[in-house]
Amino acid sequence: DVTEIEEKEAQAKQEEQILKEQELSNLLHEKRYRKALGLAISLDRPHTVLMVVKAILQETDGRKHLEENIVRLRKDQKEAVLTFVVTWNTNSRNCHEAQAVIETLLKHEAPDSLLQYSGIKSAVESLLPYT
């Protein structure tokens with residue numbers, strides 16, 4: 001019977017999730033945005049990533065800090081942020097943050113590099129009507 005083993009694994013995953021969420025909360029409180037961004041992306045939390053972006057933009061020289069943080073992300077993290085941005089851009093409350101992230105990606109990524117992103121075609125098609 002593997003039920004007990006599966007329950008223990010599920011409980012361990014849940015505990016790990018709770019620890020990561022607490023770590024994310026601590027990172028935001030300490031204004032360690034780069035790590036917070038990475039953790040929120042790895043947890044697949046678009047709303048939390050948006051909150052981190054908003055917090056960065058509210059800082060003095062927010063755009064500059066946003067660029068520094070976005071540029072340092074790995075390619076897979078940038079791809080995830082791009083998919084989040086597509087959703088954010090459709091809402092007028094979040095479109096300014098979405099546009100700031102798009103601007104940063106376009107400014108710091110070569111066109112050939114952007115074309116290598118998975119889902120770039122559908123992302124661009126979705127962004128065009130709202131941009």
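1. A term to have ready: a helix here is a DSSP run of H or I at least four residues long, and helices are numbered from the N terminus. With that in hand, go to the end of helix 1: just after this helix, Lys 31 takes a positive phi of about 60°. Keep in mind as you look that this is a predicted model.

2. Now helix 1 itself. It covers residues 3-29, which makes 27 residues. From its first C-alpha to its last, helix 1 reaches 39 Å, close to the 39 Å expected at 1.5 Å a residue.

3. How many helices and strands does the protein chain have? There are eight helices and zero strands. Written out in sequence order, the pattern of the protein chain is α-α-α-α-α-α-α-α. A handy thing to remember when you look at any of them: an α-helix has 3.6 residues a turn, so residues three or four places apart point the same way.

4. Next, the overall dimensions. Taken along the principal axes, the C-alpha atoms of the protein chain fill a box of roughly 55 × 35 × 25 Å. The accessible surface of the protein chain is about 8,600 Å², and carbon and sulfur atoms account for 50% of that surface. Of the 131 residues, 37% count as buried.

5. What about contacts across the sequence? Take the contacts between residues at least 6 apart in sequence: 58% of them join residues at least 24 apart.

6. At least two lining residues come from each of helix 6 (95-108), helix 7 (111-115) and helix 8 (120-127).

7. Last, have a look at His 96, which lies in helix 6. Is His 96 buried or exposed? Its relative accessible area is 58%, so His 96 is exposed, since the cut-off for that word is over 50%. Now locate Lys 54 too: 42 residues separate His 96 and Lys 54 along the chain, while their C-alpha atoms are 9.4 Å apart.

Methods:
Residues numbered from 1 in each chain as written. Predicted model: local features only at pLDDT ≥ 70, side-chain atom pairs only at ≥ 80, totals over all residues. Heavy atoms only, no water. Expected span 1.5 Å × (residues − 1). Buried < 20%, exposed > 50% of the residue type's maximum accessible area, 1.4 Å probe, protein only. Contact = heavy atoms within 4.5 Å. Areas by Shrake-Rupley, 256 points an atom, 1.4 Å probe, with all protein chains shown as cover.
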